[in-house]
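Please read the numbered points with the structure at hand.

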Amino acid sequence: MTSRQPTGERLLLEELPDRWRGLREAGPVRYDEKQGVWQVLDHETVATVLADPATYSSDLSSLTPTQSDFETFRQGNFVGMDPPEHRKLRTLVSQAFTPRVVQGLGPRIEAVSARLLDEVADRDRFDLVDALAYPLPIIVIAELLGIPAEEHRLFQEWASVLFGGDQLGEAPDMADLERALEAIAPTVREMNDYMLDHIRARRAHPGDDLTSRLIAAEVDGVRLADQEMVGFVALLLVAGHITTTALLGNAVVTFDRHPGTDAALRADPARIPAAVEEVLRWLPPFPELGRRVTRPVTLGGHDLPADALLMAHLGAANRDPARFDTPDAFDATRNPNPHLTFGHGIHFCFGAPLARLEARIALRMLHERFRTLVIPSYEDIAYQNPAVIIGVRHLPVEVGRP
């Protein structure tokens, strides 16, 4: 993946880490006057915050705008829950969405990737996001849930609205968030109604899919309610889709910007997993995680009051020189690589194994299909809104075949 574009040009994906490094230079903890939030920026303190849900709560409902349609999703979205509710929901879902289930998806991920790449087999130039990075995880999730193939497009349309970020600037305030919630509420309502109908149909006629397994999951006589399953599906759409889309696009751009990386991976595909981890460290799709301070606490020499909003900055923590050797160098062979991109503690990303598997398979298949894969012009790249996710929205590439 060698670009014809001079590598000295600055990209948004390179400017953002520079900003994160600038934040960290002010100390491990700082207060952002403009947004009214505390930021935690070093690896040790971020890990401490994420590992202490009693002091740093994931339930932000009292601090953020509310919208009735989104409230229906909260019931199954255990990312925004604290123990014991979090433990109950995650344990139930874990019965159905097991590591064995994820590993069993490998052949299907390969088949879907092959079909998507077949659709551009006669083209020397195509958009990598539109052709592969965006549809692949959506199709895999929809199939996993037992959604009919002719309705997979619905999931793509919903995801496009939910993660477009068109209503937000790069530093949104609460008023911006409230307007964005109202704008996408009809999509949330449509998705909610669809999934409730799908769950009820599976209750009447169980199948061999994740929805049916979620219905059957039981711990100590407790089962998931329909709306809790809908909330988990919404969570899976995030964890299993947008992270993979961003990861694949970020990987192609990052490999292209670091000459020799792609050639090394082609020569030894066994290196792809380590390279994926370094891309995750380098450009975390979601660089910040919000937490609510539950009691007055001293952190990094600062006194934080109860109910303060705190942002654990994964992007800055992933480049902490106290934790990583040469943190501002991309090293596709880095080992160990204790990045925090998928979180830490009880909220470690539930979709991480699926995102990793999809990225590894997709990158390997790109190497097998194309002798060369070139980003001909960085001016043609369209980026996601970094206030929502770090990644590319469109990535035109040129390819050469064996």
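**Notes on the chain**

1. Of the 402 residues of the chain, 57% count as buried, that is, under 20% relative accessible area with a 1.4 Å probe, protein chains only. The model is predicted: local features need pLDDT of at least 70 and side-chain atom pairs count only at pLDDT 80 or more, while totals for chains, interfaces and linings use all residues. Residues are numbered from 1 along each chain as its sequence is written, and side-chain values use heavy atoms, without hydrogens or water.

2. The radius of gyration, taken over C-alpha atoms, is 21 Å, which agrees with the value near 21 Å for a compact globule of 402 residues; the globule rule is 2.2 Å times the number of residues to the power 0.38. The C-alpha trace spans about 60 × 55 × 40 Å along its principal axes.

3. The largest nonpolar core holds 105 residues, and F97, F155, L210, F232, V253 and L395 touch the most other members. Such a core is a set of buried Ala, Val, Leu, Ile, Met, Phe, Trp, Tyr and Cys residues joined through side-chain atoms within 4.5 Å. Helix 12 (residues 226–257) gives the most to this core, with 16 residues; helices are DSSP runs of H or I, at least four residues, numbered from the N terminus.

4. Beyond its neighbours within four places in sequence, F97 is in contact (heavy atoms within 4.5 Å) with V102, L144, L210, L236, F350 and L354.

Definitions and conventions:
Buried means under 20% relative accessible area, exposed over 50%, partly exposed in between (1.4 Å probe, protein chains only). Helices (H or I, at least four residues) and strands (E, at least two) are DSSP runs, numbered from the N terminus.
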